[in-house]
Amino acid sequence: MLLSRIARDAAPSSISLPVVGTESLFEVRRIYCVGRNYVDHIREMKEGDERDPPFFFQKPTDAIVLNGDVVPYPLLTDDFQHEIELVAAIGRGGQRIAPTEALDHVCGYAVGIDMTRRDRQREARERGLPWEIGKSFDRSAPCGPIHPVDRVGHIGSGNISLTVNGALRQRGDVAQMIWNVAEIVANLSFHYALHTGDLIFTGTPAGVGPVVPGDHMVGSIDGLGDISFIIGERI
Ligand code: MN
């Protein structure tokens, strides 16, 4: 095969999310995730200090699964778990952003699910290894459409919940976040230069648990509607 052809085939196509109420698309640049951001989830995981500063990991951009699509049951796990999360979308980049300015950089919000190979994550934690294998795998970031701030405002409170096959699994309030969206954006901007197109998954409330092929997950946050995904067969 010609090198030029290989290069073209290998170039990743852009990953975009629909923007509610418009014809535009939000082109996703990076996906950042916050760990341990709700006290009740820290307690259920029996880890960390509730006053620790936020910490971050990333998922690959092409881990996005669009609302309504199938989330395949991944390789390498027997404990595939859901974490319902508020997702903040960065509209304007920056570095060393002050918390008081941080919300000016957020252009919208979405409902997302941080899908996790819990067995691999626990193993990595116990062995002091990186989290990638537990968190940053293919199709691990189901995410709904972006709701622009000019339609829904900033999301600082409201119910956040997830059902599996109609049964309530996770429920919390966005106001229970240890680090709010402004503080997360400000803190993250001291780690990395933020850019238009970045997404930040802001952590999950209690009730995380496993899914199996055929399960139907519905995630919801007040003001942002519902997202819906079926778990596919094992890859
Ligand atoms: Mn998470």
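## Cysteines, metal site and sheet pairing

The closest cysteine sulfur to that of Cys107 belongs to Cys143 and lies 12 Å away, which is too far for a bond. The model is predicted: local features require pLDDT of at least 70 and side-chain atom pairs count only at pLDDT 80 or more, while totals for chains, interfaces and linings use all residues. Residues are numbered from 1 along each chain as its sequence is written, and side-chain values use heavy atoms, with hydrogens and water left out.

For Cys143, the closest cysteine sulfur is in Cys33, at 10 Å, again too far for a bond. With a disulfide taken as a pair of cysteine sulfur atoms within 2.5 Å, the count is 0 disulfides. Cys107 is partly exposed at 28% relative accessibility, whereas Cys143 is buried at 1%. Here buried means under 20% relative accessible area, exposed over 50%, and partly exposed in between, computed with a 1.4 Å probe on protein chains only.

**Manganese site**

Which residues hold the manganese ion? Its protein donors are Glu83 (OE), Glu85 (OE) and Asp114 (OD), at 2.1 to 2.2 Å. Donors are N, O and S atoms within 2.8 Å of the metal (3.2 Å for Na, K and Ca); water is not among the atoms, so sites may look incomplete. Along the chain the donors follow the spacing E-x1-E-x28-D. Glu85 is in strand S8 and Asp114 in the loop between S9 and S10, so this pair ties together parts that are 29 residues apart in sequence. Helices (H or I, at least four residues) and strands (E, at least two) are DSSP runs numbered from the N terminus. Glu85 is buried at 0% relative accessibility, Asp114 is buried at 0%, and Glu83 is buried at 4%.

His41, in helix H2 (residues 39-45), is also in contact with Glu83. A contact means heavy atoms within 4.5 Å. His41 counts as buried, at 5% relative accessibility.

**Salt bridges**

A salt bridge is a side-chain nitrogen of Lys or Arg within 4 Å of a carboxyl oxygen of Asp or Glu. By this rule there are 8 salt bridges, including those in the table.

| Pair | N to O distance |
|---|---|
| Lys135 and Glu83 | 3.2 Å |
| Asp78 and Arg234 | 3.3 Å |
| Asp119 and Arg120 | 3.7 Å |

Asp78 is exposed at 63% relative accessibility, and Arg234 is partly exposed at 47%. By contrast, Asp119 and Arg120 are both buried.

Lys135 and Glu83 form a salt bridge with the closest N and O atoms 3.2 Å apart. Lys135 is in helix H5 (residues 132-135) and Glu83 in the loop between S7 and S8, so the pair ties together parts that are 52 residues apart in sequence. Lys135 is buried, with a relative accessible area of 1%. Salt bridges with shared partners join Lys59, Glu83, Asp114, Arg118 and Lys135 into one network.

**Strand pairing**

Strands of a sheet pair through backbone hydrogen bonds, either parallel or antiparallel. Two strands count as paired if DSSP finds at least two bridges between them. Strand S3 (residues 31-35) joins strand S4 (residues 55-59) by 5 bridges, running antiparallel, and strand S15 (residues 199-201) by 3 bridges, running parallel. Ile31 has Lys59 as its bridge partner in S4 and stands opposite Leu199 in S15. In S3, 5 of its 5 residues are buried. Ile31, Cys33 and Gly35 point one way from the strand, and Tyr32 and Val34 the other way.

A separate open sheet has 3 antiparallel strands in the order S10-S7-S16. S10 (116-117) and S16 (209-210) each have a single partner strand, so one side of each is left without a neighbour in the sheet. S7 (residues 80-82) pairs with S10 over 2 bridges, and Phe80 has Arg117 as its bridge partner in S10.

**Nonpolar cores**

A nonpolar core is a set of buried Ala, Val, Leu, Ile, Met, Phe, Trp, Tyr and Cys residues joined through side-chain atoms within 4.5 Å. The largest has 42 residues, and those with the most contacts inside it are Leu86, Tyr109, Met115 and Val185. Helix H7 gives the most to this core, with 6 residues. Apart from it lies another core of 19 residues, among them Leu17, Val19, Val87 and Ala110.

Conventions. Lists of a residue's contacts leave out its neighbours within four places in sequence.
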